[in-house]
Amino acid sequence: MRTSLVVFGLAVQACSTPALANEAKAIGASAQAAMPMSVSWSVTDQDIVERAKTRRFANDGGTEGWGLEYVSLHSSHKDVLPLANTRLKVHVRHAKLTAWHTVASDTVLGAAVFAGTASRLDRTSAIFPGKTKARYAGMQLAVAQGGNWRLRSEWFFQGGWGGRSLEADAIRMTNGEPPRARGVRATLEVPIADTAATLSLEADVGSRALAPGQAIRHRQQVGLGFTTSF
């Protein structure tokens with residue numbers, strides 16, 4: 001046991017300490033923009049998140065490196081919102097560890113793991129009162145070839161309503177949780193030359209909740225996407 005602790009201590013000392021690359025706080029629309037894209041959020045979450053705090057550490061060696069990201073999301077305090085917006089409350093804690101390595105002059109391999117929890121509460125519900133917590137996690141592998149294309153594969157688990165009793169799922173739906181899901185997806189992204197647009201092809205295989213109080217159903221789908229910025 002003592003030998004293991006010594007080896008662990010030497011390994012920690014051998015790793016260079018990451019530098020604080022960025023720390024920021026945001027409110028309103030800027031806070032909603034900080035919501036991690038690797039997680040599926042409900043429409044309710046996107047509407048009520050009002051405060052975000054992000055902290056990023058990076059250890060970049062030029063051709064390789066790693067980074068750590070922490071995000072905290074909150075709905076606003078009850079006493080600073082209009083009455084209509086005080087019903088739902090959410091608090092999210094998210095952590096993500098990434099690593100990258102350049103294997104050629106314009107090809108980069110990347111890997112990431114992320115996990116988090118989201119606590120939600122409907123303050124005014126008289127029928128289904130109760131605070132709920134949903135966990136999520138995932139692993140990602142990606143390869144990018146310059147600015148030509150990017151291929152990403154991901155395993156994910158998304159906590160939420162589904163697969164429980166009708167009452168338990170009703171409480172989670174009332175609190176604004178997304179449907180429960182897990183699976184594997186692969187995405188190919190190709191930027192369109194001379195524009196800010198990206199064409200993507202995504203394949204998704206796994207399971208997803210479709211109705212409260214019912215078992216999680218298997219699904220598979222392929223989708224074509226188009227995104228752009230203004």
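In strand E9 (198-208), Asp 204 is the bridge partner of Arg 185. The model is predicted, so local features need pLDDT of at least 70 and side-chain atom pairs count only at pLDDT 80 or more, while totals for chains, interfaces and linings use all residues. Residues are numbered from 1 along each chain as its sequence is written, and side-chain values use heavy atoms, with hydrogens and water left out. Helices (H or I, at least four residues) and strands (E, at least two) are DSSP runs numbered from the N terminus. Two strands pair if DSSP finds at least two bridges between them.

**Strand pairing**

- Strand E8 (181-191) and E9 pair in the antiparallel sense, and eleven bridges join them.
- The E8 and E9 hairpin has six residues between its strands, and Asp 194 in the turn has a positive phi of about 65°.
- E9 also pairs with strand E10 (217-227); that pairing is antiparallel, over eleven bridges.
- Leu 224 in E10 is the residue opposite Leu 201.
- Strand E3 (residues 64-75) runs antiparallel to E4, with eleven bridges between them.
- His 74 has His 91 in E4 as its bridge partner.
- E4 and E5 pair over 16 bridges, again in the antiparallel sense, and they form a hairpin with two residues between them.
- Ala 112 in E5 stands opposite Thr 98.

- Glu 69 lies in E3 and is buried at a relative accessible area of 18%, where buried means under 20%, exposed over 50% and partly exposed in between (1.4 Å probe, protein chains only).
- The side chains of Glu 69 and Arg 56 make a polar contact of 2.9 Å.
- A polar contact is a pair of N or O atoms within 3.5 Å; within protein, one must be able to donate a hydrogen and the other to accept it, and residues adjacent in sequence count only if both atoms are side-chain atoms.
- Not counting residues up to four places away in sequence, Glu 69 touches Arg 55, Arg 56, His 94, Ala 95 and Lys 96, with contact taken as heavy atoms within 4.5 Å.
- Arg 93, in strand E4, counts as partly exposed at 39% relative accessibility.
- The side chain of Arg 93 makes a polar contact of 3.5 Å with the side chain of His 91.
- Residues up to four places away aside, Arg 93 touches Tyr 70, Val 71, Ala 115, Gly 116, Thr 117 and Tyr 136.
- Arg 93 and Ser 119 are 26 residues apart along the chain, and their C-alpha atoms are separated by 8.8 Å.
- Thr 54, in strand E2, counts as buried at 7% relative accessibility.
- Beyond its neighbours within four places in sequence, Thr 54 is in contact with Asn 22, Glu 23, Ala 24, Ala 34, Tyr 70 and Val 71.

**Helix H4**

- Asp 169, Ala 170, Ile 171 and Arg 172 are buried in helix H4 (residues 166-174).
- E6 is included in what covers the buried residues of H4.

**Pockets**

- On a 1 Å grid over the protein atoms alone, a pocket is an open set of points with protein on both sides within 12 Å along at least five of seven lines, the probe being 1.4 Å; lining residues have an atom within 4 Å of a point.
- The largest pocket has a volume of about 810 Å³, a volume being the space filled by probe spheres set on the points, which are joined across faces, edges and corners.
- Its lining has 35 residues, and Met 37, Ser 38, Val 39, Gln 140 and Arg 152 lie nearest the centre of the largest pocket.
- E7 gives the largest share of that lining, six residues.
- The lining of the largest pocket divides into 13 nonpolar, 13 polar and nine charged residues; Ala, Val, Leu, Ile, Met, Phe, Trp, Tyr, Cys and Pro count as nonpolar, Asp, Glu, Lys and Arg as charged, and the others, Gly among them, as polar.
- The second largest pocket has a volume of about 200 Å³.
- Of the 16 residues lining the second largest pocket, Ala 99, Gly 110, Ala 111, Ala 142 and Arg 150 lie nearest its centre.
- E4, strand E5 (107-122), E6 and E7 each give two or more residues to the lining of the second largest pocket.
- That lining has ten nonpolar, three polar and three charged residues.
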